[in-house]
Amino acid sequence: MRHTRIALSAALGAALAASLGAVPASAATAPEAGPSYAAYEGSKEDRKATEAFFKAVVKSVAEKRKANPAARVITVTYNASGAPTYRAQIARSTHIWNSSVSNIRLQEGANPSFRYYEGNDSRGSYASTDGRGRGYIFLDHRQNQQYNSYRVTSHETGHVLGLPDNYRGPCSELMSGGGAGTSCTNATPNAAERNRVNALWARGLAGALKQVS
């Protein structure tokens with residue numbers, strides 16, 4: 001489990017587009033978001049990466065929900081066709097998050113706000129956006145063999161909902177990711193993480209938009 005990634009280029013400051021549906025060149029290899037990536041958890045670049053992905057998801061949802069901006073529970077759709085090996089893990093991650101938070105709901109559907117892909121990448125699994133509104137979660141095969149695959153998927157999905165990495169945290173903290181070691185199998189966010197996601201998406205879409213304005 002690695003940090004959220006974002007291309008460190010002029011695109012970082014560009015307006016994020018509404019759709020997150022771009023398909024990488026190959027689902028068998030890690031899609032490249034740009035020439036440079038955030039390198040350290042907790043760094044300025046890492047924080048910007050997580051914020052950018054969250055903003056992209058929020059703005060994608062906003063575009064689709066203009067007719068009902070005051071909805072208290074927001075539905076974020078995803079497409080998992082690019083990660084067939086991890087169908088069970090993605091479904092479990094969706095169930096975990098939907099059972100853990102009350103202000104947002106994940107579901108697979110058309111016109112997705114983000115996509116899952118799988119393949120091989122020495123950098124591991126990650127959530128990525130290129131700063132132009134295109135985002136995805138990439139699940140690395142080797143890492144999913146070394147670490148609990150359900151934890152990896154649930155961790156990366158946490159980035160979509162606005163949570164940053166905290167590799168120094170304990171196993172009970174989902175966003176501690178690989179920092180808790182290969183023996184950690186916890187795939188459920190703790191109370192602080194659940195509260196943070198609910199706070200980010202409080203007051204429905206209007207509240208989430210306020211977070212990124």
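Tutor: A polar contact is a pair of N or O atoms within 3.5 Å; within protein, one must be able to donate a hydrogen and the other to accept it, and residues adjacent in sequence count only if both atoms are side-chain atoms. This is a predicted model, where local features need pLDDT of at least 70, side-chain atom pairs count only at pLDDT 80 or more, and totals for chains, interfaces and linings use all residues. Residues are numbered from 1 along each chain as its sequence is written, and side-chain values use heavy atoms, with hydrogens and water left out.

Student: Which backbone nitrogen lies 2.9 Å from a polar atom of the serine 125 side chain?

Tutor: Serine 125 sits in the loop between β4 and β5 (126–129). Helices (H or I, at least four residues) and strands (E, at least two) are DSSP runs, numbered from the N terminus. The nitrogen 2.9 Å from the serine 125 side chain belongs to aspartate 140.

Student: Which side chain makes a polar contact of 2.8 Å with that of serine 125?

Tutor: Serine 125 has a relative accessible area of 0%, so it is buried. Buried means under 20%, exposed over 50%, partly exposed in between (1.4 Å probe, protein chains only). The side-chain partner at 2.8 Å is glutamine 143.

Student: Which residue forms a salt bridge with glutamate 108?

Tutor: A salt bridge is a side-chain nitrogen of Lys or Arg within 4 Å of a carboxyl oxygen of Asp or Glu. Two are counted by this rule. For glutamate 108, the closest N and O atoms are 2.8 Å apart, and the partner is arginine 87. The pair links distant parts of the chain, 21 residues apart: glutamate 108 in strand β3, and in helix α2, arginine 87.

Student: Is aspartate 121 buried or exposed?

Tutor: Aspartate 121 pairs with arginine 123 in a salt bridge, with closest N and O atoms 2.5 Å apart. Arginine 123 has 18% relative accessible area and is therefore buried. Aspartate 121 has 11%, so it too counts as buried.

Student: Which residues does isoleucine 104 touch?

Tutor: Contact means heavy atoms within 4.5 Å. Residues up to four places away in sequence are not counted. The partners of isoleucine 104 are Val73, Ile74, Val76, Asn98, Leu161, Val197 and Trp201.

Student: How far apart are the end C-alpha atoms of α4?

Tutor: The expected span of a helix is 1.5 Å times one less than its number of residues. For the 12 residues of α4, that rule gives 16 Å, which agrees with the end-to-end distance of 17 Å.

Student: How far apart in space are proline 164 and methionine 175, C-alpha to C-alpha?

Tutor: Proline 164 lies in the loop between α4 and α5. Its relative accessible area is 41%, so proline 164 is partly exposed. Proline 164 and methionine 175 are 11 residues apart in sequence, and their C-alpha distance is 6.9 Å.
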